[in-house]
Amino acid sequence: MRDRRWAWAGTITALYGAAVVWVAAHHEPWRDEVVPLSIARQADSLAALAAPLRFEGHPILWYLLLWILWTMIGQTWVLKAASLGSAIGATFLLNRSALPWWLLALATASFFPLYQYAVVSRGYSLEMLVLFAFCAAYAARAPTLTLALLLALLANTEAFGLVMASAAAVMIALEVLG
């Protein structure tokens with residue numbers, strides 16, 4: 001059964017990856033997709049990266065990822081690579097779960113994971129990756145520190161990530177107390 005899960009996850013992720021990479025290669029980024037990369041490109045330190053974010057209304061994690069990639073590579077394609085890499089990783093984690101195969105196939109091939117969270121280069125793919133990593137860690141009964149770290153990362157992806165991280169923290173607290 002375990003080998004079939006790996007084979008399923010690998011096959012579906014490869015098909016998903018091929019599809020989103022092809023579509024992303026033909027997608028021209030919109031202005032709101034490019035702004036985080038522009039902020040990351042202009043920052044010469046972590047403090048310089050954080051300063052303009054008070055006007056953006058988004059947490060720092062997506063900007064931090066782009067800043068690290070820009071500092072290491074220095075090419076604009078890191079924007080699409082960060083989005084695609086996060087989405088493909090999230091898809092693999094999702095398809096390794098114990099959900100029925102047909103539900104995994106529907107979720108993987110739906111509009112949001114297939115286009116909005118992968119091809120459109122915003123922080124949603126990173127949010128999806130961290131959320132699914134938390135779910136996998138929680139299902140595997142990972143140590144509390146690991147779960148807390150994943151929830152802290154989730155809270156710093158997008159505003160809705162903060163809501164999901166807060167709800168998961170309450171869930172864990174109720175589980176520990178109950």
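A crossing is left-handed if the near helix is turned anticlockwise from the far one by less than a right angle, and right-handed if clockwise. Helices (H or I, at least four residues) are DSSP runs, numbered from the N terminus. The model is predicted: local features need pLDDT of at least 70, side-chain atom pairs count only at pLDDT 80 or more, and totals for chains, interfaces and linings use all residues. Residues are numbered from 1 along each chain as its sequence is written, and side-chain values use heavy atoms, with hydrogens and water left out.

**View 1. Helices α2 and α4 cross right-handed.** Helix α2 covers residues 31–42 and helix α4 residues 61–73. Their axes come within 8 Å and cross at roughly 55°. Axes are lines fitted to C-alpha atoms, for helices over the stretch in contact, and angles run from 0 to 180 degrees between N-to-C directions. The two helices are therefore oblique to each other. (Angles under 35 degrees count as roughly parallel, over 145 as roughly antiparallel, 65 to 115 as roughly perpendicular and the rest as oblique.)

**View 2. The residues between α2 and α4.** From α2 come Pro36, Leu37, Ile39, Ala40 and Arg41. From α4 come Trp62, Tyr63, Leu66, Trp67 and Trp70. Contact means heavy atoms within 4.5 Å. The set holds nine nonpolar residues, no polar and one charged. (Ala, Val, Leu, Ile, Met, Phe, Trp, Tyr, Cys and Pro count as nonpolar, Asp, Glu, Lys and Arg as charged, and the others, Gly among them, as polar.)

**View 3. Helices α5 and α6 pack at an angle of about 165°.** Helix α5 spans residues 78–95, helix α6 residues 101–108. Their axes lie 10 Å apart. That makes α5 roughly antiparallel to α6. The crossing is right-handed. Thr91, Leu94 and Asn95 of α5 meet Leu104, Ala107 and Thr108 of α6. These residues divide into three nonpolar, three polar and no charged.

**View 4. Asn95 of helix α5.** Asn95 counts as buried, at 0% relative accessibility. (Buried means under 20% relative accessible area, exposed over 50%, partly exposed in between, with a 1.4 Å probe and protein chains only.) Leaving aside neighbours within four places in sequence, Asn95 is in contact with Arg5, Trp8, Ala9, Ile12, Leu104 and Thr108. Trp6 is 89 residues from Asn95 in sequence, yet 8.5 Å away in space, C-alpha to C-alpha.

**View 5. Polar partners of Asn95.**

Conventions
Polar contact = N/O pair within 3.5 Å; in protein donor to acceptor, adjacent residues only side chain to side chain.
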